[in-house]
Amino acid sequence: MSAHLSAQEISEWAAGMRPREREDHLHECAECRSELTRLQGALSEFRDSVRGWSAEQGSYPRPAWLTERPRVSHWLRWALVAAAMLALVAIPVYRSRLQPQRAETDIDDAVLMEQIDDGISRSVPATMEPLTGLVSWNSADASAPHAKSRQKKP
Amino acid sequence: MEPVAATGFLTAALDRSAAELENFDAVVRLHWPTVFRFALASLRDRDAAETVTQDCFVKAWRNRAGFRGHAAVKTWIMHIAVNTVRDHLRNRRLRFWKRTTAQALDLHAAGERVADERPSTEAHLLRTERVRAIWEASAVLSEKQRTAFLLRFVEDMDLLDIAAAMGLKEGTVKVHLFRAVQSVRERLGGIA
């Protein structure tokens, strides 16, 4: 009988690397068979543990949701695409319609502002406004004698 | 006449596999526990496993037209599951803190899950210790090693099916499995 299988050879066997001579050896050697059985036993315990734990979590399928969800998202996707396309077309059209209206409004606003400016603008302060009736600052006739008298005084 | 018979057999097998998908609800009911278990063992997070399982079947539903029956339905579903888990893990790397917390909780809970046939206390403790050691060892395996390990030793899939599910060659799967088993044996030490 050949020497016992090494730790690496046992691992290789468990991983599915199974040359004929190792199979023969395992048939003959109780010690190596026992070593392999212990490893396989531990792996089986692990499998049972995972399966038990998974079953305990209680996850169950929802077929109706599964089969409907893709369809819903499919339609939703197309609806979003359609909405985006509509927005791309509608926004420039809406803007071009607004343009003349906005120009008219701007003109109206400008006229209104001028009227307001005219209405509230004053050439003299409000307290001096009564004096403007007595003195005409723009009149050349009215201002000439004063100017002459001012010139004569010194 | 033999090749014709063989071709006929193959065609019938392909048709059978493809026909299995006709009743998709039955496929979901049949394979849901396997996918969920694989996702749970890979991610160690119940909510994430549930999400991944749902995503897996949604992807399967969307791509069912592309299934030609060249593999068993289970292998095809597991291929989608492996990819979905992998994508989830990649996204989760950004949230490493959550992973750490989930693993710490789940290792404890999972280690306690040992088939209880009421053996002696000592035997029960040894078994719990062994299972916990394998859980811990599998937690630090590389993604591919862990996937191959879980598919082989939890789902009992054969090497060719694992290769198909992982999109690898059979020889590569053996190498990943060998490394995984080596790590597990090292962790088990004298308790196996």
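Biologist: What pattern does chain A follow, read along the sequence?
Modeller: Chain A reads α-α-α-α-α, which comes to five helices and zero strands. Helices here are DSSP runs of H or I with at least four residues, strands are E runs of at least two, and both are numbered from the N terminus. This is a predicted model, where local features need pLDDT of at least 70, side-chain atom pairs count only at pLDDT 80 or more, and totals for chains, interfaces and linings use all residues. Residues are numbered from 1 along each chain as its sequence is written, while chains are lettered from A and ligands numbered from 1 in the order in which they are written.

Biologist: What makes B:Arg44 count as buried?
Modeller: A residue is buried if 20 or more other C-beta atoms, placed from the backbone, lie within 10 Å of its own, exposed if 12 or fewer, and partly exposed in between. B:Arg44 has 22 such neighbours, so it counts as buried. You can find B:Arg44 in the loop between α2 and α3 of chain B.

Biologist: And B:Asp156, why is it called exposed?
Modeller: B:Asp156 has 9 C-beta neighbours inside 10 Å, and therefore it counts as exposed. B:Asp156 sits in the loop between α7 and α8 of chain B.

Biologist: What is the phi of each of these two residues?
Modeller: B:Arg44 has a positive phi near 55° without being a glycine, and B:Asp156, not a glycine either, has a positive phi of about 55°. For background, most residues other than glycine have a negative phi.

Biologist: How do you know that α7(B) is mostly covered?
Modeller: Nine of the eleven residues of α7(B) are buried, including B:Phe149, B:Leu150 and B:Leu151. These buried residues pack against α3 (30-57) of chain A, together with α2, α4, α6, α8 and α9 of chain B.

Biologist: Why are α7(B) and α9(B) called roughly perpendicular?
Modeller: Their axes, lines fitted to C-alpha atoms over the stretch in contact, are compared by their N-to-C directions on a scale from 0 to 180 degrees. Angles under 35 degrees count as roughly parallel, over 145 as roughly antiparallel, 65 to 115 as roughly perpendicular and the rest as oblique. α7(B) and α9(B) pack at about 90°, with axes 8 Å apart, so the pair is roughly perpendicular. Residues that make this contact include B:Phe149 of α7(B) and B:Leu177 of α9(B).

Biologist: What makes two residues a contact, and which does B:Ala39 have?
Modeller: Two residues are in contact if their C-beta atoms, placed from the backbone, lie within 7 Å. Setting aside neighbours within four places in sequence, B:Ala39 is in contact with B:Ala49, B:Val52, B:Thr53, B:Ala81 and B:Val85.

Biologist: Which residues touch the most other members of the largest nonpolar core?
Modeller: B:Ala39 and B:Ala81 do, in a core of 58 residues. α2(B) gives the most to this core, with ten residues. A nonpolar core is a set of buried Ala, Val, Leu, Ile, Met, Phe, Trp, Tyr and Cys residues joined through C-beta atoms within 7 Å.
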